[in-house]
Amino acid sequence: MSRELFPILSGAEGRVKCGNTQPDPASGFDAEGKPFYIETFGCQMNVHDSEKVAGVLMARGYRPVQTPEDADIIFYNTCSIREKAAQKVFSRLGAFRKRGGGERKVFGVLGCVAQQEAENIFERAPHVSLVCGSASYPKLPELLEELEAGHKRVTGLGLDTEDCFETEMTRRDNRFRAYITIIEGCDKACSYCVVPVTRGAERSRPADKILAEALRLANEGFTEIQFLGQTVNSYRDPSPLRMSFAELLSRMAEVPGVRRVRFTTSHPRDFTKEIVDAIDSHPALCDQIHLPAQSGSNAVLKRMLRTYTREEYLEKIHYIRNAMRDISISTDIIVGFCNETLDDFEQTLSLLDEVGYDQVFSFKYSPRPRTAAGHYEDSVPEEEKGRRLLILQDKQREIQIKRNRGCLGQEYEVLVEGFHPKLGQAVGRTSSNRIINFPGEPSWVGSYMTAKVTASGPNSLVGQRVTEDAGGSAKEWKF
Ligand code: SAH
Ligand code: SF4
Ligand code: F3S
């Protein structure tokens, strides 16, 4: 499976089904082993965690399957960033119940809802027998054994587990892009956010172990490495090397075989000019930065406890805009946060104009339990949040149309990540994270090619592979 739903740690309310990981006989895989199925919600950290869960289980002889119907054990790896995301798991569990046939199956809830709701999940969904948060996945085989031994309900909810980075057994779904979590948890305590509760305190992985894993992955044929962390640039190397995040990026860019390095998500407070300098010095570091602003209003930023002002944020944007490379910038925005006035909202719109983002992930504020803002009045009515969201998205669409138009006639190196059989189109991704669709062949998937942009739209580009006789006239892509 090589499906990517969320280009950033946005915790979008989508899902990834995991089940076609190919068994490796050397892993002790047992074709007769108990079948399991994992459905993943939320951000890339969850997607990667599911790869770790699959690896841990397959190493013990469990067998991944494609559908929940074929599985004896069904895991939902959950997201609780917004209410709608958290509800998904309960509707999934309820739907299975109603359809019937789930009586003999084991249902396990993993991830951020598991950590947040803990034993309450057993009350809301009595057919669930396992609840386990992300720091406790190495314990999953033990928990399953306890269930087999007759325990009715088991939990793994410790957040102090040291070995949550151990990835020896990870079964990666993508053949050319490998995720590496370099920092877990979050110490920032933004007032609206559940992540510090669901993933605990910040813990960084030693730089030597990260580099060793990258070398191994490059030898296995992965050409793109994506560093993950909720505050990836707050990385603090606990090894004697004491490498800064920018140094780690530079070292990673020099690993033989690694052609692209991405990282997400950066927190503005810890964003330094050294990171931009590293990108300028190393072509393998992608010219793409995701820097969530959340709001353009200082009053709102203060209530969000984001620890920076609009002016400080813009100073970081200037580092990026002053780089030698043309680095694309994306962001996350929350609309309708407690007491957000129309004037506050206007300031967010003006931030969009001032920065000229290449992509914006925008969300209506959703009050969450166990957060500081959960106690504030959710003062902006739902309808008004929806109105502001649409205005913001319309504005950003116009900005993207203009920015993408600037790509017309340009040539970009793309990694071909997919192929649309019906359209006969290869799907390439540029270093700056733009998608270029161009006529191609299925066998191109995984290769690097040059494509020339011949048409542009708000969300993607159309092009031609550059060969000796390639041409194509530039035109606007109409929708
Ligand atoms: N660590 C990242 C964000 C991770 S969560 C950062 O600091 O930027 C991904 C995004 O979800 C956030 O950037 C924010 O825009 C959104 N989000 C988080 N909590 C939310 C909430 N309670 N309601 C609406 N959106 C939220
Ligand atoms: Fe949440 Fe803020 Fe931490 Fe990001 S930095 S994960 S928004 S608390
Ligand atoms: Fe990710 Fe959602 Fe958890 S965004 S960290 S899966 S709350």
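On a 1 Å grid over the protein atoms alone, a cavity is a set of points where a 1.4 Å probe fits but cannot get out, and a molecule sits in a cavity if more than half of its atoms lie within 2 Å of its grid points. By this criterion, the space taken by ligand 1 is the largest cavity, and the space taken by ligand 2 is likewise the largest cavity. The model is a predicted one, in which local features need pLDDT of at least 70 and side-chain atom pairs count only at pLDDT 80 or more, whereas totals for chains, interfaces and linings use all residues. Residues are numbered from 1 along each chain as its sequence is written, ligands are numbered from 1 in the order in which they are written, and side-chain values use heavy atoms, with hydrogens and water left out.

Ligand 1 is surrounded by 17 residues, the closest being Q230, P292, Q294, D332 and S366, where a residue is counted if one of its heavy atoms lies within 4 Å.

The shell around ligand 2 includes C186, C190, C193, Q230 and R306, and its residues divide into 7 nonpolar, 3 polar and 2 charged, with Cys counted as nonpolar, Arg as charged and Gly among the polar residues.

Technical notes. 1 Å grid on protein atoms, 1.4 Å probe; cavity = no way out; pocket = protein on both sides within 12 Å on 5 of 7 lines; lining within 4 Å.
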